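Visitor: I would like to go through this entry and ask what stands behind each label.
Guide: Go ahead; the sequence and the model come first.

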Amino acid sequence: MLSKRIIPCLDVRNGRVVKGIRFVDIRDAGDPVEMASAYDHEGADELVFLDITASHERRETVVELARRCAEELFIPFTIGGGMRDESDIRKVLKAGADKIAINSAALENPGVLGRCSKRFGAQCIVVAIDAKLVQKEPEKKWEAFVHGGRVATGRDAVQWAVEAVERGAGEILLTGMDTDGTRKGYDIDLTRAITAAVSVPVIASGGAGNLDHLVEVVKKANADAVLAASIFHYGTYSITQAKEHMAAAGIPMRLT
Amino acid sequence: MIVIVDYGMGNLRSVEKALDKAGGKVKVSNDPAEVRAAGSIVLPGVGAFGDAMERLKKRGLDAAIKEAVAAGKQFLGICLGLALLFEESDEHGVHAGLGLLPGRVELLPTHLKIPHIGWNRVAAQKDSRLFDGVPNGSYFYFVHSYEVVPRLDSDVLCRTEYGCEFVSGVERENIAAVQFHPEKSSSLGLRMLKNFIT
């Protein structure tokens, strides 16, 4: 049986990890590759790197990041940040990334999804969706936001997820903006709405504060993978602890 | 020297880095003469079966691989490199493969999501040096939509369950191949590559 996945996410600016330093035995805790290798050894199933370098420089930094990670990492990894078109995406995949994540560019120019999916395969195209609750009654509705959650798009998040998959997205990386940073748990209703609407794997993101939150979003919302940053980076829990906790709750996990 | 056969199907960098990490002396090549001269051969690849065979033939790599295997060179196929070993595939029309093992390649008959992507368990069906130090039932990383259906049970190395049971690896004498990606399967994947090298 396919296991559920735990995916630590690293924010990288100008080639340096910007938050969360806990591995005491690595030489350079700001180095994304060293930190990623430490996560690999601990049992992370995949890694996501988001390049948050200022946008005008990011076209170069994101390719270099992919190239360096490919040298040292022996688990799949996704790179996101600043890719606008097919040519940007090709460069990052060619540099060795297994998958790329796109958000704003996909919403502004959805045709890029079909072209990239056909050319590189759907399995390497992850569409990142940042969604915020905009209607509570009579039923909940969420809107997709872009540019780091600053700009509303007017697009219904669930409808956008469905369209993105039809166009060729192989996976959805879903961030609940209302729960992100709260440490009170993932947005269960949002995640459930998306997993019910699409046929591809959904990675839940935003709000993990303890290990029960990881279990909850898999069991109640049918997430295929859980992404978390702070609970791992600040050493609250190790990947091993998280996996053992999820396995004990009856979830298939790759224990190493 | 281990030669990784480069026929333009997918990024070979991660396979090269992983074999290097596992302690092998590695060369990526699209030259049939180098394939014939190799100590052992790794055939990786992602993409469509028909395209792959066409590219191998165009460069004379299909004949080189068959000669090297017939000469007893150790061979490891990964993902598409597993599928290509068989006689024919159903992927986008019927295409002939290398025919080094009897059997076919078919779409995964599962009710679950296709492609099958992620970490899944591998159950060994016979003793193999490839599994030295790898606990039975360990997880490896998969990305594929097709399965191989060997005609002979004796060629089956391991199986995996994904809504159906499929053959996730084969082995016969000097030929071995796996559906999953050891180069993306963390320490146990590297261990398997090390087992192949030694």
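Visitor: Which residues of β10(B) lie on one side and which on the other, and are they buried or exposed?
Guide: This is a predicted model. B:Y139, B:Y141 and B:V143 lie on one side of β10(B), with B:F140, B:F142 and B:H144 on the other, and all are buried. Side chains in a regular strand alternate between the two faces of the sheet.

Visitor: What makes β8(B) and β10(B) a pair?
Guide: Pairing requires at least two bridges. Strand β8, residues 116-121 of chain B, forms six bridges with β10(B), in the antiparallel sense, so the two strands pair.

Visitor: Which residues of α6(A) are called buried, and why?
Guide: They are A:A157, A:W160, A:A161, A:E163, A:A164 and A:V165. The label applies because each has under 20% relative accessible area.

Visitor: Which residues have the most contacts inside the largest nonpolar core?
Guide: A:F49, A:I79, A:I129 and A:I172 do, in a core of 80 residues. Leaving out residues up to four places away in sequence, A:I129 touches A:A157, A:W160 and A:A161, among others. A second, separate core has 35 residues, including B:V3 and B:M9.

How values were computed:
Residues are numbered from 1 along each chain as its sequence is written. Chains are lettered from A and ligands numbered from 1 in the order in which they are written. This is a predicted model: local features need pLDDT of at least 70, side-chain atom pairs count only at pLDDT 80 or more; totals for chains, interfaces and linings use all residues. Side-chain values use heavy atoms; hydrogens and water are left out. Buried means under 20% relative accessible area, exposed over 50%, partly exposed in between (1.4 Å probe, protein chains only). Helices (H or I, at least four residues) and strands (E, at least two) are DSSP runs, numbered from the N terminus. A nonpolar core is a set of buried Ala, Val, Leu, Ile, Met, Phe, Trp, Tyr and Cys residues joined through side-chain atoms within 4.5 Å. Contact means heavy atoms within 4.5 Å.
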